[in-house]
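Open the model in your viewer and keep the selection panel at hand. The tour visits a helix contact, then the cavities.

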Amino acid sequence: MASTDGGDEAPKKKKRQINLNREIVIKRLSRKHRQKKPSTLAQLQEIFEEAEDKARFVGDTMFWKYFEDIEIARIKDTKSVEYMNLRVMFWETLFYLIILVFFTTYVYLLQSRDVFDARQEQQEYWSGCDAYGRCQINEVNSVETFWEFMNNQFITRAFTEYPEPQMNVANILTEFGQNDFPITWHPRFVGPQKSNIMLGAVRVRQTRVLKNVGCQVSKLYAHIHPDCYGHYSEASKSTKTYKPRFAPTYIAGCYDYVTAEQTAQASVDGKLVVYGGDGFMFDLPWNATDSRTMLGDLRSWGWLDQATRAVIVEFTTLNTNVNVIVNNRVIFEFGTTGAVVGSVTSTGGLVTLFTPATSTSAGMTLFAMQIVLLILFVIFTVYACWLMVKTCKNFVGEKPLKFLKRQSIGGKIAFFFKTGYHYLRYAWNLVDLIMITLFYCHVILRVNTYIATSSEPNMVASVIGHPEKFMPFSRVMFTLVYSNNILSLLAMIMWVKLFKYLCMSSYFRLLVRILEKCIKKLAIFSLLLVCVFYGFSVAFFVGMGGEEENYAGLSGSFLVGFFLLIDGYEVNYSWFEPGKDAIMPIVFFIYIALIYFVLMSVAVAIVLDVYATSDRSAKEDPNRENPMLVFLWTYYKMMLGISLVTDNAEEHMSSEDLSIPLELLPGIVRRKWIEKKRKMQRIANETFAGMELYPVDLDGSTEKQDCTTTDWMLPSTRSDVFDNMNSAIVRRPLSLYDIPEALLKSNVSRLQLQRLMDEDETLPILLQEARAEKVIRRFKQLDAPEQVEGEEYVAPVKKLQGQVFGQVDALEKVKLDDDIPEVPEISELTESMSGAITSVRNKFRIELTNIIEATAVLFEHLVDLTQGIDAMRQNHDLVLEQVREQTEKELLRGLGRNFMKR
């Protein structure tokens with residue numbers, strides 16, 4: 001071979017180039033994730049058998065988190081932790097399915113298609129809409145058109161005239177205490193089909209603002225027009241009476257301010273702002289003629305002026321065909337810019353929702369369903385509290401109340417935060433708390449609806465529908481709508497929670513695990529997405545708020561940004577006209593590029609990453625039995641009195657065969673048993689508190705007990721060095737075969753010894769037995785023959801050692817006379833290894849020699865430096881001595897001159 005400059009170095013072997021693609025990356029990531037350590041449940045399976053208090057583990061969430069790791073063989077033992085937990089899980093699943101069925105039935109009874117149809121019909125009727133969708137209320141654009149709409153459209157519809165006389169729907173009496181002649185009233189029909197009845201009077205309310213509050217007139221024209229009227233708000237609303245001097249007496253009260261309690265109305269959301277329930281109000285008379293006369297007088301005497309910001313007309317109707325009550329509010333908003341916006345807001349609900357009706361079958365069914373569902377949720381709350389207490393007990397190692405008594409105020413506060421975090425680490429526990437909270441909020445709102453209906457004097461059975469009394473259904477509808485909104489959110493969460501129980505099926509387990517892993521990442525990603533949306537909403541609000549209605553407000557701009565992802569957005573062609581600014585099209589393009597092509601792809605990539613790297617081992621094992629099905633079969637057999645435990649040999653064994661003292665076993669078996677106990681204690685400390693399987697203080701130190709040290713072990717970090725220097729505890733190496741005396745007297749059961757032999761393949765070989773009961777009888781000498789007199793006694797351990805050493809000696813015997821055949825490949829490999837070792841040894845010697853020489857040179861320079869420092873110190877002392885002598889001489893001379901002068 002031709003020599004090169006680097007002849008001493010062996011040529012480097014070229015690495016095979018790997019072309020990365022999607023499949024290779026996913027396979028490597030999947031292989032990496034599959035090599036992770038066993039789950040917590042798999043590590044704790046032996047601890048479940050060792051622990052005396054098995055009830056402590058019942059209800060732990062790890063059996064849900066690692067359902068696929070439950071050992072099938074242990075389920076067949078009705079006293080095992082796995083069986084008890086699966087029993088709790090089965091009843092929890094069954095109970096939740098019952099709740100879900102009752103809840104879905106309750107929701108179905110609570111809402112109806114008739115409510116939507118009745119509300120839609122009333123909204124279109126009072127808006128004055130025709131078959132083509134043209135509504136008369138949209139033509140109201142000034143104060144004049146408002147009065148025209150009220151006189152022509154509203155009064156005509158509120159007092160519908162029929163060609164034939166109306167039949168009396170109900171007889172409502174108004175009694176007077178001074179005479180015996182009551183007045184009988186009859187509710188009237190409204191609408192062409194005579195399907196709706198007007199319940200009570202029509203109430204008209206106005207909200208006003210103060211002059212020069214919330215606005216400011218520019219100094220440029222303040223001398224011409226000194227007053228302004230701003231937006232409606234709690235700070236700027238007017239409560240002043242503005243009645244004209246000569247207004248008719250019967251309308252004088254229309255100019256007086258009344259509170260929300262007096263109006264008996266709730267706040268209303270307009271298209272511009274939210275208006276409170278107070279203001280200046282009046283009720284329309286019970287016939288059309290008087291109503292038109294009153295509206296005409298109010299128009300003539302200036303009931304509306306510049307300070308008016310909204311007029312709300314509220315009334316309630318009852319659809320007698322479907323028993324739906326609809327509360328209608330016709331709103332006319334007078335903006336600060338002079339625009340008038342009219343709209344109709346209708347809210348409906350079944351009659352059975354306002355009182356606990358039991359007279360009809362539908363009302364009785366709904367009321368009974370509420371009671372049953374309340375009882376079920378109370379039981380579910382008790383169960384959730386029980387799980388919480390169990391979790392807290394495992395977290396602190398004792399009863400929570402007993403633990404809290406020993407804590408300070410700060411410790412008690414920290415306890416609730418720590419245990420709460422520990423309990424909510426399992427996301428489904430948080431879902432349970434949210435479900436319970438939402439349901440009780442719904443129940444409270446439903447009860448408030450009943451109380452508000454029964455406590456209102458105008459809504460009692462003998463008064464409701466009176467044409468001269470206002471029915472305040474808006475307040476009741478407010479709690480009813482909120483209770484239904486909460487119920488809709490609760491329904492969504494309850495059906496989503498089914499994913500928790502789908503993990504028991506191998507078909508859906510992978511989907512559930514992906515959902516559980518994705519939810520945290522997607523939640524963090526959602527926070528980023530909200531920040532980006534808010535930034536773009538500010539940009540659209542600033543750039544297009546003056547031209548587009550959707551972006552006129554910051555909150556509306558923020559919501560539109562979300563719905564653009566679903567519905568899309570129609571591009572305004574005026575953006576691209578000649579001379580137009582190109583800033584907003586650029587901003588919109590950046591929004592589309594960033595949201596659609598980047599962030600949405602990132603969200604999909606998060607899910608795909610979890611799916612690609614998920615563990616499919618449980619799904620890919622077709623022979624694995626379903627733990628819940630095994631439990632059900634075991635439970636069925638237990639009810640019949642049949643045990644499925646196959647290892648029932650203990651029933652035919654004597655008590656002496658079931659355990660053995662640890663001191664009777666060989667040293668290697670003792671040590672492996674102690675190592676196993678230490679490992680189990682370490683795992684228990686990481687999962688539970690207060691569980692002692694192996695006394696740590698027997699190792700001589702409570703610190704770093706899991707670190708096995710030897711005399712030849714060097715400190716790994718600087719902190720280890722300083723810890724050893726500052727620590728008063730002398731750490732000694734952990735012995736390999738010295739067993740603490742306290743543990744030598746402990747007993748090892750047959751099952752424990754058998755598991756130890758099954759886990760370690762070397763023990764059956766060393767013990768020359770595969771069954772634990774035979775090992776116990778052997779070392780207890782239960783089967784030993786009677787000792788012959790004069791024969792030397794040999795202990796079982798020594799006899800075993802003799803057998804093992806004899807087998808080892810037989811294996812080590814080699815016939816030296818036999819010629820060993822030469823294998824060329826082995827010889828070549830041996831020579832290569834010998835040459836490589838020699839080369840490494842020579843290089844090590846060279847490098848070591850260089851280090852020694854460098855150390856010697858460094859030592860010589862250090863000696864020179866030390867000598868130079870000594871010489872410098874001597875010269876420094878001489879300089880100081882000379883300076884001191886010179887200073888003393890000059891001082892004496894000065895004193896002598898002063899003395900001669902005197």
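**Stop one: a helix pair**

Select α6 and helix α21 (residues 627–639): they pack at an angle of about 100°, with axes 10 Å apart. Axes here are lines fitted to C-alpha atoms over the stretch in contact, and angles run from 0 to 180 degrees between N-to-C directions. α6 and α21 are therefore roughly perpendicular to each other, a label for 65 to 115 degrees.

This is a predicted model: local features need pLDDT of at least 70, side-chain atom pairs count only at pLDDT 80 or more, and totals for chains, interfaces and linings use all residues. Residues are numbered from 1 along each chain as its sequence is written, and side-chain values use heavy atoms, without hydrogens and water.

Now show side chains. From α6, pick Y83, L86, R87, M89, F90 and W91; they meet P627, M628, F631, L632, T634, Y635 and M638 of α21. Contact means heavy atoms within 4.5 Å. The contact residues divide into eleven nonpolar, one polar and one charged.

**Stop two: the largest cavity**

A cavity is a set of points on a 1 Å grid over the protein atoms alone where a 1.4 Å probe fits but cannot get out; lining residues have an atom within 4 Å of a point. The largest holds about 90 Å³. Select G59, W64, E92, Y383 and L387, the closest to its centre among 14 lining residues. α6 gives the largest share of this lining, four residues.

**Stop three: the second largest cavity**

Select T207, R208, Y232, K237, S238, Y257, D278 and G279, which line the second largest cavity. Its space is about 30 Å³.

Notes:
On a 1 Å grid over the protein atoms alone, a cavity is a set of points where a 1.4 Å probe fits but cannot get out, and a pocket is an open set with protein on both sides within 12 Å along at least five of seven lines; lining residues have an atom within 4 Å of a point. Grid points are joined across faces, edges and corners, and a volume is the space filled by probe spheres set on the points. Helices (H or I, at least four residues) and strands (E, at least two) are DSSP runs, numbered from the N terminus. Angles under 35 degrees count as roughly parallel, over 145 as roughly antiparallel, 65 to 115 as roughly perpendicular and the rest as oblique. Ala, Val, Leu, Ile, Met, Phe, Trp, Tyr, Cys and Pro count as nonpolar, Asp, Glu, Lys and Arg as charged, and the others, Gly among them, as polar.
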